[in-house]
Amino acid sequence: MGFYETQVVPRLVNVACGNRATRARRQQVCAGLHGRVLEIGFGSGLNVAFYPPAVSSVDAVEPADVGWRLASSRIAASPVAIRRSGLDGQSLPFADDSFDTALSTWTLCTIPDPVAALHEVRRVLRPGGTLHFVEHGLAPDLGVQRWQRRLEPLQKRVAGGCHLTRPIADLLIGSGWRLVELEIGYEPGAPKFLAADSTGIAVPA
């Protein structure tokens, strides 16, 4: 990857994904996390403030060194032990049945092979474990979908490979998950083509 992808994109994401609407989503999706937590796409640590007291530790999977550096103050201020434990959500360096819960926030849009990542998360979750997620993807409205398809090539170039049209619920179900909760809607105040969120909880099927 070049300078833009390694140095600029993590800083853009840190700003763009830290607004009031995304904070509300983060708080919602982090509720219920407990025990040892796997977080894929940790980024700059924007979820850290919302870990509930039941979380004992977090293993963070984050490929961007700049993102990890941006997270340093948030990590230092957290009462939860947070370790950078992997770089690639498609190949997790953990044994089977290692985690009580898992977290993914606006991550599956960028991972080159989201199905592989979802299989890996399922592998490392303990029996009864849950995946908590909020992901943007294919909008529920056909008119918005048309704009997403038009703009996706530009979005991928500007936002480090971010896709606008991934069908999040279908990806989860096709990767061996059962949806326990699912809410689909648009983030307030954001363009709909960027902000069609799928929020929920899934368990291994």
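**Entry 1: salt bridges**

I counted 8 salt bridges, taking a salt bridge as a side-chain nitrogen of Lys or Arg within 4 Å of a carboxyl oxygen of Asp or Glu. Side chains of opposite charge can pair when their charged atoms come close.

A note on what I am looking at: this is a predicted model, where local features need pLDDT of at least 70, side-chain atom pairs count only at pLDDT 80 or more, and totals for chains, interfaces and linings use all residues. Residues are numbered from 1 along each chain as its sequence is written, and side-chain values use heavy atoms, with hydrogens and water left out.

I started with Arg25, whose side chain meets that of Glu183 in a salt bridge at 3.2 Å, N to O. Arg25 sits in helix α2 (residues 20-30) and Glu183 in strand β6 (residues 177-186), 158 residues apart. For names like these, helices (H or I, at least four residues) and strands (E, at least two) are DSSP runs, numbered from the N terminus.

Next I looked up Arg25 with Asp197, another salt bridge, at 3.7 Å, N to O. This pair joins helix α2 to strand β7 (residues 196-204), across 172 residues.

Are Arg25 and Asp197 buried or exposed? Both are buried, where buried means under 20% relative accessible area, exposed over 50%, and partly exposed in between (1.4 Å probe, protein chains only). Arg25 has a value of 9%, while Glu183, at 37%, counts as partly exposed.

I also found Arg126 and Asp100 in a salt bridge, with the closest N and O atoms 2.9 Å apart. Arg126 lies in strand β5 and Asp100 in strand β4, so this pair ties together parts 26 residues apart in sequence.

**Entry 2: the sheet**

I traced an open sheet of 7 strands with mixed pairing, in the order β3-β2-β1-β4-β5-β7-β6. Two strands pair here if DSSP finds at least two bridges between them. Which strands stand at the edges? They are β3 (81-86) and β6, each with a single partner strand, so one side of each has no neighbour in the sheet.

From one strand to the next, the twist averages 20 degrees. Strands β5 and β7 run antiparallel and are joined by 6 bridges; Val134 stands opposite Thr199 in β7.

Helix α2 lies across β4, β5, β6 and β7, at about 10 degrees to β7. For such angles, axes are lines fitted to C-alpha atoms, for helices over the stretch in contact (heavy atoms within 4.5 Å). The angles run from 0 to 180 degrees between N-to-C directions.

**Entry 3: the nonpolar cores**

The largest nonpolar core has 21 residues, and Leu38, Leu92, Val121, Leu172 and Trp177 have the most contacts inside it. Such a core is a set of buried Ala, Val, Leu, Ile, Met, Phe, Trp, Tyr and Cys residues joined through side-chain atoms within 4.5 Å. The largest share of this core, 4 residues, comes from α5.

Apart from this core lies another, of 18 residues, among them Tyr51, Val58, Ile75 and Trp106.

**Entry 4: Ser44**

Last, I looked up Ser44, in the loop between β1 and β2 (55-61). Ser44 counts as buried, at 6% relative accessibility. Its side chain and that of Asn14 are joined by a polar contact of 2.6 Å. A polar contact is a pair of N or O atoms within 3.5 Å; within protein, one must be able to donate a hydrogen and the other to accept it, and residues adjacent in sequence count only if both atoms are side-chain atoms.
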